Amino acid sequence: MSFESLNLSAPILKAISACGYTAPTPIQAQSIPLALEGKDLIGSAQTGTGKTASFVLPALERLLTPSELRGKGPRVLVLTPTRELATQVSDAVRSYGKFMRVRSGSILGGMPYRFQMDLLSRPVDFIVGTPGRIIDHLERRTLNLSRLELLVLDEADRMLDMGFSEDVDRIAAACPEGRQTMLFTATMDDPMAKLAARLLTDPVRVAVEGKEVAELQIEQRLHVADDMRHKNRLLQHLISDASVSKAIIFSATKRDADQLAADLYAQGHAAAALHGDMSQGARNRTIVNMRRGKVRLLVATDVAARGLDVSGITHVINYDLPKFAEDYVHRIGRTGRAGASGVAISFCSLNEVAYLDRIERYTGKALPQHVIPGLEPTRQLRRANAGPGGKKGRPSFDPRRKSTGPKARFGAPGGKPGRRDQDVVVEYRRGGRRDSGKQG
Ligand code: AMP
């Protein structure tokens, strides 16, 4: 399928071609025709699938026809859970709309009101914003949504997680009833289904499985770690590999992100932290430095890295596993973007086995375990979904089974730390373990 066959207008096609896109991604091919028909839509797609263009392109197409309504409020409003994601959507609006006249801007929390007041005092077409600040402007009556034609909720699941449910309802209530609504989410649990039922009319569902992202473009590996010291040694080994040219390392807490980034920096690595306690300016600077290649290792928390779009991320390293399986898919989606290949490496220690279990159930796939010779875990992980004798639903380490190391068990050649970790692969499959031995 081509973009031309989607019935987009010339200025939009020209911008798409200037971006170097040759064909729509699956979510774009499914969503754009429905969106252009004016249908309400629920899209299940992760970041990395091209979902931003799947709502920005039809939104721009709409703006090519003048509004019948007078007033200066926006015709399109995109709500995002984080400032980073909002910035990326705004960047997409600028790139895809660069051959047409679009008056657009962002209304984000943590940013000065002055510029936002200025933006809203003039006619505007396209606003991207975070819910809290949009509510502020509605209350101050500096924002009027009576002209709104299209409301987009991007990463709606995360907005609910972050407690924005009420704000989203209030914003939707300020929009005209006959507007079009598009909602993007990675999950469809009960609260999400209820939100969709409240805000959308007769929606069509389009889905691109997260699994596709995970399976097609990203090689996933698991390293079992005894403790934090073991994780640090594994990390040292992995980042010493020259193929790790741009990596995001995920940590569970902001403090750990700072500490780990400081340690790596002290060891001479171009490392920096990215988390929610940093000022917006510092976060933006760090992201720009990463884009420019000045930062090689970014140590981030989930919220800060949400929606982060830096091209050429070769590796995602889960220093700590995420509590929620959806976050795992979001994290690994930072690499392998739009056709590029990537590697996602996860460390799992004793107290994280339940998280691993959730991830494997969610993605429907057991993560292949890799062992670095010389850095073997001392204990074997018993996994709920796969693995020898693992009881379903009750994952645990088996402290009685002391590992004798891969050399003895799998007959792999010995090696000092520093060998590539792909030499020995222990792959768990339902109903038994498969030792795949040398994998190059
Ligand atoms: P998203 O899922 O919207 O965050 O997009 C992920 C990345 O894919 C971004 O860097 C986009 O620039 C890129 N992208 C979006 N659509 C296409 C396409 N049709 N062909 C190639 N790259 C694309």
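The chain contains 17 helices and 18 strands; helices (DSSP runs of H or I, at least four residues) and strands (runs of E, at least two) are numbered from the N terminus. This is a predicted model, in which local features need pLDDT of at least 70 and side-chain atom pairs count only at pLDDT 80 or more, while totals for chains, interfaces and linings use all residues. Residues are numbered from 1 along each chain as its sequence is written, and side-chain values use heavy atoms, with hydrogens and water left out.

Of the 440 residues in the chain, 54% are buried. Here buried denotes under 20% relative accessible area, exposed over 50%, and partly exposed the range in between, computed with a 1.4 Å probe and protein chains only. The chain exposes about 19100 Å², of which carbon and sulfur atoms supply 50%; such accessible areas come from the Shrake-Rupley method with a 1.4 Å probe, and for residues only the protein chains shown count as cover. Among contacts (heavy atoms within 4.5 Å) between residues at least 6 apart in sequence, 72% join residues at least 24 apart.

The ligand is considered next. Domain 1 (3–211) and domain 2 (216–440) both contribute residues to the shell around the ligand, so the ligand lies between them; the domain bounds come from an automatic or database domain assignment. There are 15 residues around the ligand, and Tyr21, Gln28, Gly48, Gly50 and Thr52 come nearest. A residue counts as near a molecule or strand if one of its heavy atoms lies within 4 Å of it. By class, the shell comprises five nonpolar, seven polar and three charged residues, where Ala, Val, Leu, Ile, Met, Phe, Trp, Tyr, Cys and Pro count as nonpolar, Asp, Glu, Lys and Arg as charged, and the others, Gly among them, as polar.

In Gln28, an N or O atom of the side chain is 2.8 Å from a ligand nitrogen atom. Thr52 places a polar side-chain atom 2.5 Å from an oxygen atom of the ligand. On its own the ligand has 500 Å² of accessible area, and the protein covers 82% of this.

Leu6 lies in the segment before α1 (10–18) and is buried, with a relative accessible area of 4%. Leaving aside neighbours within four places in sequence, Leu6 is in contact with Met1, Pro24, Ala29, Ile32, Pro33 and Leu36. The C-alpha atoms of Leu6 and Leu36 are 9.0 Å apart, although the two residues are 30 residues apart in sequence. Leu57 belongs to helix α3 (residues 51–63) and counts as buried because its relative accessibility is 1%. Beyond its neighbours within four places in sequence, Leu57 contacts Phe3, Leu8, Ile12, Ile16, Ile32 and Tyr96.

Helix α6 (residues 131–139) has Pro131, Arg133, Ile134, Ile135, His137 and Leu138 as its buried residues. These pack against β2 (76–79), β3 (104–107), α5 (113–120), β4 (126–129), α7 (156–161) and α8 (165–173). Just after α6, Arg141 takes a positive phi of about 60 degrees. Arg141 lies in the loop between α6 and β5 (150–153) and, at 76% relative accessibility, counts as exposed. Asp202, in the loop between α9 (190–199) and β7 (204–207), has a phi near 50 degrees, a positive value in a residue other than glycine. Its relative accessibility of 71% makes Asp202 exposed.

Gln280 is located in helix α13 (residues 280–291) and is buried at 7% relative accessibility. Not counting residues up to four places away in sequence, Gln280 touches Arg83, Glu84 and Met111. Val343 sits in strand β13 (residues 342–348) and is buried at 12% relative accessibility. Apart from neighbours within four places in sequence, the contacts of Val343 include Ile218, Glu219, Arg221 and His315. Val343 and His315 are 28 residues apart along the chain, and their C-alpha atoms are separated by 4.8 Å.

How values were computed: Polar contact = N/O pair within 3.5 Å; in protein donor to acceptor, adjacent residues only side chain to side chain.
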